[in-house]
Structures are given as C-alpha cells and as structure tokens.
Amino acid sequence: MEPQFTPLIDSLPSTVPFVGPEALERKRNRIFRARLGANENSFGPAPSVIAAMQENAADAWKYADPENFDLKQALAAHLGVAPGNVVVGEGVDTLLGLAVRQYVQQGTPVVTSLGAYPTFNFHVAGFGGRLVTVPYRDDREDLDALLDAVERENAPLVYFSNPDNPMGTWWAAADIERFIAKLPATTMLILDEAYGETAPASAMPPIDVSRPNVLRMRTFSKAYGLAGMRCGYAIGAERQILAFDKIRNHFGMNRLTQAAALAALKDQDYLTSVIARIITGRDRIAQIAAENGLKVIPSATNFVTIDCGRDGPFALSVLNALVERDVFVRKPMAPGLDRCIRVSVGLEHELDYFAEQLPLALALLA
C-alpha cells in the first residue's frame, strides 16, 4: 500500500513541455557548437545588470521582498500604470499557471491555437481543463476562429501570443484591439507578449487596464537576456491582478533576479542595442536560408522560422541532421506548421557554423 494520487494526477504523463538542450547534450555526450533552438538572447544581459547581480550576491542569504515592491514600482512607472496593475512572477510560465488556476476547473473549456506555446497547455491539463484548439491560418494564429471557439464553448479563458511562438508572426495592434472588443466580457484573454520588445511598435496596442478581461504578460527572458533568472510580469485591471496574491508563491522570486530586472529596466540604451543586433541576426538567418533555396516566415521575435519546403517528416530529418552536426534548433509540431524548423538569433560564430552545416544537412537528404 502507498499514498494514492488524485485521479487527475494519475491521468497525466510525467513529462515536460520542452526537451532542453542540456538533456540532448547528455544523451549525445557532447555539447552543441551552435545553441540556436531555445529562443534565448545569447547577447546576454547588460554589463550594468551583471554588476547589479554581483553587488547583490552577498545578500543572497536574505529572502527576497515578497511584495516585489521596488520592481513593481519601476515597472508601473515604465508602463504608465499604477503598481496595483502589475504582478511579478518567476517567468511568464509561472504566471500562466497561476492564471489558469484562477479560471479553470475540471472540464473547463480553454481555447488556444493548435501548435501554440505548449507550456500553457501543460498548465491547462494540470488543472483538469479541456483544451479546445483551432488551427493556424497562413502561419498566424486565427483570431476569428479563436473568437468563434470562445463563443461556441462559452470558454472562460483564451490564450494567444503576439508576436507568436512558434512561428514568429504577428498581428497589428488594431487587429488585437478588434479581437478584445468582440470578446465576451466573461472570457479572460491571456495575451502573451514575451517578444513585445522585438516587435514593431505597430503590433503593440496601448495598455488599457480598465478592461477586466485582459491579462498581458511580458518577460525579462528575451530581449533583456535574463532567461536563466526567471522574471516575468502580468499587466491588468487591479482586481484581477490582486487575485494573483491569493495563490502565488510569495517567496518565489530571488533577490538577484529582482536586482537584475531593476537594472535591466533602467538600461534602455543597452536594450535598444540588443534589439538592433537581433534584427541583424534575423536578416542573417534569412540570408542563410535563401542561399540554400529555403524561405523564411517574416518574424517579429528573436528567432526565425524557416520553411523547409516539404512536409513534417522532411523538416524533422533536417532538424535531426543539424543536431548530429552540433546545431541545436527546434521545430513546430502542429500539422501545417511542422514543415518548418525554428532558428534563434545567436552569436556571429554560431550563425557562421549554422551557415556551414545547413547545406551539408540538406545534401544528405537530397
């Protein structure tokens, strides 16, 4: 005899949404020469951010401020909202789980796109929700189909990202605002803007915290180069933001992360320089693809999705051939999207190595 899990836990697989590059390196018994698959910002944080972490390292014995007071004040000032409109958490992934917990019970319908960010789906399954998915259209999340599914299912929660992961595509702010205007008042929209800093300004609607059914989520993981520190935040109406305090891990943040995020937010000049390097990197990936007879899907993120020109099994073969050559990339898995591989912007020597290895990988499959 042993303690029994709940039926929900018994029904779920023991898995993680992503296989990390470290797991692949352990399996292969060698490291990757080009780490281009995790949508990380390999340019790293600003020197001022590293200095802030070093300065605060000796205080790591202290718990972090459970209210995240200084960081919330700084974010609110940066965003032009009140501190009560911002909640800080251990990355967007954690905040997604907290949001799902607030609106989802066993069997609750939750609408998202087929092939969208899998960690959101992981949380929905973990709280017993019922995923309702709609396919992408023209490599973008289909806003009309998402709305139709929300209304058909009377769903209390809908998720999409803008710019999009895994395709890198985006909708204009006006389209997002039309979607929000048509959304039932009883449906919460989680608008994932993890790549907002790398998107054109025309893709980002003005922040409106008067709407109680919109939560916008952003992160320090991408453009700010702090993926390993785990810091994200959500923006919304005060009552909806306050609800996070009912269930969040109040000591989940650590002092070094708080110090790093504060310093990163202050150093907007460095952020601007990194965004310029990301744009240059996207152009370089597009050039490499074109040199090999492949097309790219226009991207507003820190990665580029390359259309391999055939079907899912062929794209998977391209991915595996690159992995064998020490190039870590990923691919979308949903039907219609799985014809592609996804390549993150990396350091110059990593993109040089990718440029060398891609034609060799394709030649094997010719």
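**Salt bridges and helix packing in a predicted model**

E22, R35 and E40 are linked in a network of salt bridges.

**Salt bridges**

- Within the network that links E22, R35 and E40, the side chains of E40 and R35 meet in a salt bridge with an N to O distance of 2.7 Å.
- E40 has a relative accessible area of 25% and is partly exposed, and R35, at 29% relative accessibility, also counts as partly exposed.
- A salt bridge also joins the side chains of D326 and R30, with 2.7 Å from N to O; because D326 lies in the loop between α12 (312-324) and β11 (327-328), and R30 in the loop between α2 (21-28) and β1 (34-35), the pair ties together parts that are 296 residues apart in sequence.
- The side chains of D59 and K62 meet in a salt bridge at 3.9 Å, N to O, in which D59 counts as partly exposed at 24% relative accessibility and K62 counts as partly exposed at 32%.

**Helix α8 and its surroundings**

- Helix α8 spans residues 173-182, and its buried residues are A173, I176, F179 and I180; seen down the helix axis, these buried residues fall within an arc of 120°, so they line one face of α8.
- This pattern can be read against the geometry of an α-helix, which has 3.6 residues a turn, so that residues three or four places apart point the same way.
- The buried residues of α8 pack against the helix α7 (143-153) and against the strands β5 (157-161), β6 (188-192) and β7 (214-219).
- On the face of α8 turned away from its buried side lie the exposed residues A181 and K182.

**The contact of α5 with α6**

- The axes of helix α5 (residues 91-103) and helix α6 (residues 118-126) come within 9 Å and cross at roughly 35°, and α5 passes α6 in a right-handed crossing.
- From α5, the residues D93, L96, G97 and V100 meet T119, F120, H123 and V124 in α6, and the residues of this contact divide into 4 nonpolar, 3 polar and 1 charged.

Technical notes: Residues are numbered from 1 along each chain as its sequence is written. This is a predicted model: local features need pLDDT of at least 70, side-chain atom pairs count only at pLDDT 80 or more; totals for chains, interfaces and linings use all residues. Side-chain values use heavy atoms; hydrogens and water are left out. Buried means under 20% relative accessible area, exposed over 50%, partly exposed in between (1.4 Å probe, protein chains only). Helices (H or I, at least four residues) and strands (E, at least two) are DSSP runs, numbered from the N terminus. The arc is that of the directions from the helix axis to the C-beta atoms. Contact means heavy atoms within 4.5 Å. Axes are lines fitted to C-alpha atoms, for helices over the stretch in contact, and angles run from 0 to 180 degrees between N-to-C directions. A crossing is left-handed if the near helix is turned anticlockwise from the far one by less than a right angle, and right-handed if clockwise. Ala, Val, Leu, Ile, Met, Phe, Trp, Tyr, Cys and Pro count as nonpolar, Asp, Glu, Lys and Arg as charged, and the others, Gly among them, as polar. A salt bridge is a side-chain nitrogen of Lys or Arg within 4 Å of a carboxyl oxygen of Asp or Glu.
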